[in-house]
Amino acid sequence: MPHARPPRQPLSVRSIRIRDPFIVPLSDRGEYLMFGTNMLDEIPGQAPGFNCFTSRDLETWDGPIPAFRGGAAFWGTKDYWAPEVHHWKGRWYMLASFNAPGRCRGTHALVADRPEGPYEPLGTDPLTPLGWECLDGTLHIDDGRPWLVFCHEWVQIGDGAVCAVPLADDLSRPIGEVVTLFTASPAGWTREVGPHGGPGGPVGRVTDGPWLHHLPDGSLIMLWSSFAENWKYCVAIARSAGGVLGPWRHDATPMLSDDGGHGMLFRTFEGALHLSLHRPNGDGRERAFFQPIEESGAQLRITGAAPAVKRATSSR
């Protein structure tokens with residue numbers, strides 16, 4: 001049964017601490033759902049999980065609504081990060097990162113009959129390789145075939161990578177080999193971070209938050225995040241010469257470099273394209289921002305301040 005909705009609790013978007021904000025526009029309801037990294041596993045006595053919030057104007061939000069809570073049967077016990085929610089084949093799927101002592105971080109698929117949940121895990125294992133440190137899985141449909149695009153973490157391999165693997169039609173398992181699409185170092189604007197875990201730990205270049213999008217000319221781009229020379233978290237663009245398998249090349253400079261990142265794109269009901277991201281990137285001050293975007297031909301460009309928007313549809 002779906003969770004009962006809590007009493008109305010209007011919240012300003014600037015009052016909600018959230019990383020990796022993911023927007024699901026629901027045109028039939030005239031409202032948006034917002035998911036993200038809630039840091040629930042940082043709260044003593046709080047079961048780890050994900051919440052969602054609802055809004056009609058991207059400024060005032062109701063919630064939180066419990067979307068998923070990890071139970072004793074689920075392998076993930078901490079680091080509940082970056083949930084994405086997608087409608088596919090009549091059901092709603094959440095892809096999110098999880099971790100546990102003695103396990104590698106990975107992306108697991110969950111499923112629900114309603115976009116706000118409650119979500120239940122699909123299968124017992126993550127979609128990413130068990131021996132790999134991975135995060136930030138996103139769904140991409142290439143010629144009708146579902147793919148998981150995800151990051152192989154710099155903390156394990158040094159030069160963080162973005163990878164892809166084909167999925168079963170119900171998104172429950174990988175059905176092919178993992179392919180590395182690109183690494184961070186060929187993007188000349190990235191800088192090394194670390195050491196991870198303290199002195200003597202690994203140093204490397206970050207890949208975070210992949211999101212794929214077809215431009216008006218039909219070309220495929222990927223938004224992704226890393227750190228630039230000024231230590232600012234950035235959103236950058238990589239471009240494919242074909243489909244999901246590329247080959248991919250990096251733009252020379254980031255699209256956005258003011259300490260905001262992990263972006264995704266959504267469209268309003270009127271068709272306006274917006275970038276959702278968190279800003280700044282730490283110190284407990286992370287908040288959701290929705291930035292208008294213009295696209296033309298093979299270009300994507302940030303425009304002015306975001307207007308209030310009433311209704312929405314998905315960009316996918």
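**Entry 1: charges over rings**

I began with lysine 89, which lies over the face of tryptophan 88 at 5.0 Å from the ring centre. I counted a charge as sitting over a ring if NZ of Lys or CZ of Arg is within 6 Å of the ring centre and within 35 degrees of the ring normal. I also found the charged end of arginine 14 over the ring of phenylalanine 289, 4.0 Å from its centre.

**Entry 2: basis of the work**

I worked on a predicted model, in which local features need pLDDT of at least 70 and side-chain atom pairs count only at pLDDT 80 or more, while totals for chains, interfaces and linings use all residues. Residues are numbered from 1 along each chain as its sequence is written, and side-chain values use heavy atoms, with hydrogens and water left out.

**Entry 3: salt bridges**

How many salt bridges does a search of the whole structure find? I noted 14, each defined as a side-chain nitrogen of Lys or Arg within 4 Å of a carboxyl oxygen of Asp or Glu.

I looked up aspartate 79 and arginine 105, whose closest N and O atoms are 2.7 Å apart in a salt bridge. This pair links distant parts of the chain, 26 residues apart: aspartate 79 is in strand β6 (residues 78-88), and arginine 105 is in the loop between β7 (91-99) and β8 (106-112). Strands (E, at least two residues) and helices (H or I, at least four) are DSSP runs, numbered from the N terminus.

Are aspartate 79 and arginine 105 buried or exposed? I found both to be buried; the term means under 20% relative accessible area, with exposed over 50% and partly exposed in between (1.4 Å probe, protein chains only).

I then examined glutamate 294 and arginine 301, which form a salt bridge at 2.4 Å, N to O. Glutamate 294 counts as partly exposed because its relative accessibility is 41%, and arginine 301 does so at 47%. Elsewhere, I recorded one network of Arg29, Glu31, Arg114 and Glu116, joined by salt bridges that share partners.

**Entry 4: aromatic pairs**

I counted 18 aromatic pairs. Rings of Phe, Tyr and Trp (its six-membered ring) pair if their centres lie within 6.5 Å; planes under 30 degrees apart are stacked, over 60 edge-to-face, and the rest tilted.

Phenylalanine 68 and phenylalanine 98 are edge-to-face, with 6.1 Å between centres and 75 degrees between planes. Phenylalanine 68 lies in strand β5 (residues 60-69) and phenylalanine 98 in strand β7, so the pair ties together parts 30 residues apart in sequence. I noted that both phenylalanine 68 and phenylalanine 98 are buried.
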